Amino acid sequence: MSLEKQWQHINEQEDEDLSALMNNPQLKKLTSHQPLQKIKNNLLINMAWGIGIAVCYVLILFFFPYWQVRLCIGVVLLFTLWAISTAYTQYKSIQPTVSSQNSLLAEMKRHHASMILWMKTQERVALFIYPFSTAGGFMLGGAIGSGRSVDYFMSKPVVQIALVISIAILVPLAYWFAKWLFNKSFGKHLKTLGENIQELSSDEV
Amino acid sequence: MSERDFLAAVKNNQGIIYKLVGLYAADTEEKKDLYQEVLLQAWKSWPSFRGDAKFSTWLYRICLNTILTQQRKQKKINYQERLDDISPTIESTAILKEDSLRLQQAIRRLAETDRAIISSHLDGYNNGEIAEMMGIGLNHVAVKLHRIKQQITTILK
């Protein structure tokens, strides 16, 4: 019997789960689990958090009269606003609905590229924001904890060394954590997508 | 077209969803998730269906594009349709059913993109249509099909 005939026979079979879904679909209530939809949801959460955090930074700028803290928090605030605007641009550009116009290869590449872009953004945020937020948090915490000015608190060499060590440890840690989190969430999927793209693209004759 | 018309059109072509999802779902849970995702993506893409292609071809593309971009479990497929679920009354039907299942099992053992290529070939799409669906060259399709058929023959032996 031909492979085609064997294959066509599968068409004639029914599946209870699929039939149940067809008979009671409630299309509007279905939620997508597409990775790009998840990323889009994450971007929305990031933006909400970003706005909340930016408001806190503005309050700190107003209520803590230390120029060193203000400088660091000011820089972090600028980066936070940049991160929010980047997240918004990405949020608008990500199209989570699967396209019927694109070929399979084009669609896989589109998904792959969107995910990589999101990962790079997360890593950049970790690299740019954390050194300043660590320094700002360290000085602010130290000044409040010691009950002295930041100038006085930071005048001790041991504190300066502690600040450098904190930045040296926390920044790579935050960077690594962002990378780890991404890999945990999408690493395997990204790898499979990459392999499938490679399989279709390679061996072109 | 209303939701009801859309569902009627999908229902008439549900064999496509059943077959393609069956080639990729790792277990019954994932199979249900993929059914749902394909249906949802088809519904969302529905406004872009211009009618210049057949509905079945449009659904086929949506189905493949959804399944292969969906985050799936990274484990080997561990479920299969059971023959004793069906209790065929005619012996020839039983043989056909068994052969179909063997073919499905064989295709599941192929690389993910090869499964997409061979299924569209077995569903009657010509090399040009497959090339367009996959986004690869015509010669590449021919070479791949040749290799895939050899692989299936080896598996089925």
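In the predicted model, confidence within chain A is lowest in helix α1 (residues 3-11) of chain A, at a mean pLDDT of 77, and highest in helix α3 (residues 35-63) of chain A, at 90. The pLDDT is the predictor's confidence in each residue, from 0 to 100; helices (H or I, at least four residues) and strands (E, at least two) are DSSP runs numbered from the N terminus. Chain A averages a pLDDT of 85, and 96% of its residues score at least 70. Residues are numbered from 1 along each chain as its sequence is written, and chains are lettered from A and ligands numbered from 1 in the order in which they are written. As this is a predicted model, local features need pLDDT of at least 70 and side-chain atom pairs count only at pLDDT 80 or more, whereas totals for chains, interfaces and linings use all residues.

Chain B is divided into domain 1 (1-79) and domain 2 (89-157), with bounds from an automatic or database domain assignment. The centres of the two domains of chain B, taken over C-alpha atoms, are separated by 18 Å. Their contact (C-beta atoms, placed from the backbone, within 7 Å) takes 9 residues from domain 1 of chain B and 9 residues from domain 2 of chain B. On the domain 1 side, α2 (14-24) and α4 (55-69) of chain B are the elements that give two or more residues.

Helix α6 (residues 112-122) of chain B packs with helix α7 (residues 127-134) of chain B at an angle of about 145°, with their axes 10 Å apart; axes are lines fitted to C-alpha atoms, for helices over the stretch in contact, and angles run from 0 to 180 degrees between N-to-C directions. The contact involves Ala116(B), Ile117(B), Ser120(B) and His121(B) of α6(B), together with Ile130(B), Met133(B) and Met134(B) of α7(B).

Definitions and conventions: Two residues are in contact if their C-beta atoms, placed from the backbone, lie within 7 Å.
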